[in-house]
Every structure is written in C-alpha cells, then in structure tokens.
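I opened my notebook beside this structure to look things up one at a time. Come along and check each entry against the view.

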Amino acid sequence: MSYGTASGPATGGVGPAGGYDKPLPKITPLNKGFWDYARQHQLALQVCTKCGDIHFPPGPVCPKCLSDAQEWRPVSGRGRLESWVEFHRAYWPGFAALLPYRVCLVKLAEGPLLASTLVGETPEIGAPLQVVFDAVTDEVTLPKFRRAD
Ligand SMILES: [Zn+2]
C-alpha cells in the first residue's frame with residue numbers, strides 16, 4: 001500500500017497582501033504531470049505503459065515491474081473516504097482563519113491512496129468522494145475532495 005500527498009496540507013485562502021499564504025507543492029519533473037492536469041481540473045495518476053500498474057505518489061520507475069516507461073493519465077476523480085483528521089491548531093499562520101480544517105485519506109477508484117483536503121460536510125468512513133479543484137495560484141491548482149453527488 002502506498003500513499004502520497006497531492007495537495008499538501010493546504011486549503012484555499014488569501015493572505016494579507018493578496019497572495020496565497022500557505023505552503024505550496026514543489027513542482028519537479030517527476031510530479032509536473034500531476035500539476036499540469038490539475039490546472040485543467042483533471043486528477044491524473046502515473047501509469048506504467050509496460051504492465052499497466054497505476055500508482056501514486058509518482059516514481060522514476062514502476063513499483064511493480066521497475067520499467068521507466070511511465071506516463072500521466074487522467075482518472076475518474078472518484079474514491080472513498082478511508083480516514084480523516086481535523087486540525088485545530090494552525091502550524092502555519094495562513095491556516096489560522098480556516099480552523100478547524102480537515103485532511104483526508106482517499107482510496108481512489110483506481111487503487112492508490114491520496115492525502116488531500118476534505119471540504120464540505122464530513123461524510124462517514126467509506127462514503128463516496130469526488131475531486132474538486134481550487135486554483136490557488138497561476139501555477140498551482142489543488143485537488144480537494146468532497147462527498148460525491
Ligand atoms: Zn510496470
């Protein structure tokens with residue numbers, strides 16, 4: 001079982017100077033595909049073109065067959081709530097106005113686990129979730145999750 005952080009701990013918010021005031025993901029050649037799709041409001045996962053394994057977080061080779069033939073493909077954006085926590089303390093000043101905020105672990109329909117932000121009502125464990133997108137800067141759009149319709 002593997003898991004990763006798609007959106008980091010961030011939730012939407014604008015700082016006093018009008019800029020985004022929370023930590024942002026570091027975009028690298030390895031994860032750039034994820035963030036490129038997110039800007040287009042599509043959730044994408046890394047897929048091995050040799051064995052078909054779908055995995056997250058991304059790696060330079062497939063965790064199953066070790067092939068380096070990897071590509072990003074859009075996926076359903078749906079999953080189930082595996083777990084969640086509620087933060088009552090702001091570890092970064094930018095989160096203070098959002099307290100309490102929730103971070104969730106989503107079991108994506110395609111298999112991988114993803115840590116993200118839970119928005120809207122708090123569904124029961126196992127409830128269906130769907131991705132929503134929050135464009136926090138010109139470069140970064142954060143995938144977040146809410147109860148599916
Ligand atoms: Zn593979």
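**Entry 1: T49**

Next I looked up where T49 sits, and I found T49 in the loop between β2 and β3. Which residues does T49 touch, leaving aside its neighbours within four places in sequence? I noted A69 and E71. I also checked T49 against W72: the two are 23 residues apart in sequence, and their C-alpha atoms are 9.8 Å apart in space.

**Entry 2: the sheet around that loop**

I then followed the strands on either side of the loop. In which order do the strands of the open sheet come? I wrote down β3-β2-β4, 3 strands with antiparallel pairing. The edge strands are β3 (54–55) and β4 (70–74), and each of them pairs on one side only. α1 packs on this sheet, where it touches β2 and β4. I read an angle of about 20 degrees between the direction of α1 and that of β4.

Looking at one pairing in detail, I found 2 bridges between β2 and β3, in the antiparallel sense. V47 stands opposite I54 in β3.

**Entry 3: the whole chain**

I stepped back to see the chain from end to end. I listed 1 helix and 9 strands. Along the sequence they follow the pattern β-α-β-β-β-β-β-β-β-β. The chain has 149 residues, and buried ones make up 24% of them. I also looked at contacts between residues at least 6 apart in sequence: 56% of these join residues at least 24 apart.

How confident is the predictor? The mean pLDDT of the chain is 90, and 88% of its residues reach 70 or more. Over residues 1–13, though, the pLDDT is below 50, and this stretch has 43 contacts in the model beyond near neighbours in sequence. I left a reminder to myself: where pLDDT is low, the predicted coordinates should not be read in detail.

**Entry 4: the nonpolar core**

Which members of the largest nonpolar core touch the most other members? The core has 17 residues, and I noted A44, V75, C104, V106, L114 and F145. I then looked up where the core comes from: α1 (32–39), β2 (44–48), β6 (101–108), β7 (113–118) and β8 (128–135) each supply at least two residues.

Not counting residues up to four places away in sequence, V106 touches G79, L81, E82, L113, L114, S116, L129 and F145.

**Entry 5**

In β9, F145 is the bridge partner of V131. β8 and β9 (residues 141–147) pair in the antiparallel sense over 7 bridges. They form a hairpin, with 5 residues between the two strands. β8 is also joined to β5 by 3 bridges, and those two strands run antiparallel. Here I found R80 opposite P128 in β8.

Most residues other than glycine have a negative phi, and most peptide bonds are trans.

Where did I find cis peptide bonds? One joins F56 and P57, with omega about 0 degrees, and P57 lies in the loop between β3 and β4. Another runs from L99 to P100, with omega near -10 degrees. I placed P100 in the loop between β5 (78–87) and β6.

H41 has a phi of about 60 degrees, and H41 lies in the loop between α1 and β2. With 14 other C-beta atoms within 10 Å, H41 is partly exposed. L66 has a phi of about 65 degrees, and its place is in the loop between β3 and β4. I counted 12 other C-beta atoms within 10 Å of L66, so L66 is exposed.

Key
Residues numbered from 1 in each chain as written. Predicted model: local features only at pLDDT ≥ 70, side-chain atom pairs only at ≥ 80, totals over all residues. Core = buried A, V, L, I, M, F, W, Y, C linked by C-beta atoms within 7 Å. Buried ≥ 20, exposed ≤ 12 C-beta atoms within 10 Å, placed from the backbone. Helix = DSSP H or I, 4+ residues; strand = E, 2+ residues; numbered from the N terminus. Contact = placed C-beta atoms within 7 Å. Pairing = 2+ DSSP bridges. Axes fitted to C-alpha atoms, helices over the stretch in contact; angles between N-to-C directions. pLDDT = per-residue confidence, 0-100.
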